[in-house]
Amino acid sequence: MSGLRVVFCGTQAGAASARRGAYYAGPGNKFWKTLFETGLIPEPLGPADFQELPRYGIGFTDVAKWTSGPDTALLRQHFDIVGFQAKIHRHAPAIVAFNGKRAAQAALGEERGLKLAYGLQPSLLAGSRVFILPSTSGAASGYWSIEPWRELAALVKETSSRR
């Protein structure tokens, strides 16, 4: 699906998301509330509505598509970076937004302890702008801030008006 404004990329489906077959379905996950609060979507939606998001120019993927559970259980071999990059190249979203630094580290090849900052990154990924966000997972609530999400929403709006 081309014409996507933003593709959100996580690490892998959490246990609740895998059970429900829906993105960001864990009870403590702030993803859906944050999409609405920041204006990325015009109406409140929830995990069961994830297939509606392409009509708002939003897509989803993960860097580890064949596993599920907590990120702490992920091993390097669980990541399918080649497949992830091929999807981004094929769908050519304006922005790839990583929901958490772990996914960004894996996809960008920054596993060696390099400190990534939240926000817009200086380099492109398959022609798409790259944005790193604090994870919406309840397990990462100690790192939570909505401000980078508001910055992303402003960038998406700005990018959409130029396309």
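In what order do the elements of the chain run from the N terminus on? In this predicted model, the order is β-α-α-β-α-β-α-β-β-α, which corresponds to five helices and five strands. The chain has 163 residues, of which 45% are buried. Its accessible surface comes to about 8400 Å², and carbon and sulfur atoms account for 54% of that area. Among contacts between residues at least 6 apart in sequence, 66% join residues at least 24 apart.

The five strands form an open sheet with mixed pairing, in the order S2-S1-S3-S5-S4. Strands S2 (58–62) and S4 (119–120) stand at the edges; each has a single partner strand, so one side of each is left without a neighbour in the sheet. S4 is joined by two bridges to strand S5 (residues 129–133), and the two run antiparallel. Within this pairing, Gly119 has Ile132 of S5 as its bridge partner.

Two of the helices were examined against the sheet. Helix H3 (residues 81–91) lies across strand S1 (6–10), S2 and strand S3 (95–99), and runs at about 145° to S3. Helix H4 (residues 101–108) lies across S1, S3 and S5, with an angle of about 145° to S5.

The largest nonpolar core contains 28 residues. Phe8, Trp32, Leu35, Leu53, Phe60 and Leu152 have the most contacts inside this core. At least two core residues come from each of S1, H2, S2, S3, S5 and helix H5 (147–162), and H5 gives the most, with five. Leaving aside its neighbours within four places in sequence, Phe8 is in contact with a set of residues that includes Tyr24, Phe31, Leu35, Leu40, Ile58, Phe60, Ala97, Leu133, Trp149 and Leu152. The contacts of Phe8 also include Gly59 and Thr61. A second, separate core has 18 residues, among them Cys9, Ala107, Leu125 and Ile132. In soluble globular proteins, nonpolar side chains tend to be buried together.

The C-alpha atoms of Ala48 and Tyr24 are separated by 9.6 Å, although the two residues are 24 apart along the chain. Tyr24 is also one of the residues in contact with Phe8.

Key:
Residues numbered from 1 in each chain as written. Predicted model: local features only at pLDDT ≥ 70, side-chain atom pairs only at ≥ 80, totals over all residues. Heavy atoms only, no water. Pairing = 2+ DSSP bridges. Helix = DSSP H or I, 4+ residues; strand = E, 2+ residues; numbered from the N terminus. Contact = heavy atoms within 4.5 Å. Axes fitted to C-alpha atoms, helices over the stretch in contact; angles between N-to-C directions. Buried < 20%, exposed > 50% of the residue type's maximum accessible area, 1.4 Å probe, protein only. Areas by Shrake-Rupley, 256 points an atom, 1.4 Å probe, with all protein chains shown as cover. Core = buried A, V, L, I, M, F, W, Y, C linked by side-chain atoms within 4.5 Å.
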